[in-house]
Amino acid sequence: TIRALSTKSFTDSANTFNLNTGTSLRRSVVALPSASSITQVLDLDALNANITNSYTMSTIQVQDYACVNTDYKVYIMTNAIPYTDNHTHQVTRS
């Protein structure tokens with residue numbers, strides 16, 4: 001399921017990217033290879049609130065292109081209800 005996500009980025013450098021929450025789902029998910037970590041998440045639509053601690057991390061194995069299991073860190077934020085307006089979460093990874 002992780003490899004089948006429609007929005008993905010392949011890069012080895014530290015970077016920042018935006019995750020749009022939409023208005024119909026309660027969960028936001030970021031999956032990173034185990035060598036990377038989320039260092040900060042800001043909600044740009046909530047006065048740049050630092051919501052890093054709202055994303056909980058677990059480790060799973062994802063098969064790479066050669067069907068070799070690789071450890072990934074999966075960060076999930078779960079809201080009680082979906083946002084009424086889309087929020088942009090600026091995610092910084094290392």
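Here is a short walk through this structure, from the whole chain down to a single residue.

What you see is a predicted model, where local features need pLDDT of at least 70, side-chain atom pairs count only at pLDDT 80 or more, and totals for chains, interfaces and linings use all residues. Residues are numbered from 1 along each chain as its sequence is written, and side-chain values use heavy atoms, with hydrogens and water left out.

Let's start with the big picture. The chain has 0 helices and 7 strands (DSSP runs numbered from the N terminus: H or I of at least four residues for helices, E of at least two for strands). Its radius of gyration, taken over C-alpha atoms, is 14 Å, close to the 12 Å that the globule rule (2.2 Å times the number of residues to the power 0.38) gives for 94 residues, so the chain is as compact as a globular protein of that length. The C-alpha trace spans about 40 × 25 × 20 Å along its principal axes.

Now for a sheet. Four strands line up as β1-β7-β3-β4 in an open, antiparallel sheet; strands pair if DSSP finds at least two bridges between them. At its edges sit β1 (15–20) and β4 (49–50), each pairing on one side only. Between β1 and β7 there are 6 bridges, and Leu19 has His89 in β7 as its bridge partner.

Finally, zoom in on Thr92, in strand β7 (residues 88–93). Thr92 counts as buried because its relative accessibility is 19% (buried is under 20% relative accessible area, exposed over 50%, partly exposed in between, with a 1.4 Å probe and protein chains only). Beyond its neighbours within four places in sequence, Thr92 is in contact (heavy atoms within 4.5 Å) with residues including Asn15, Thr16 and Ile38.
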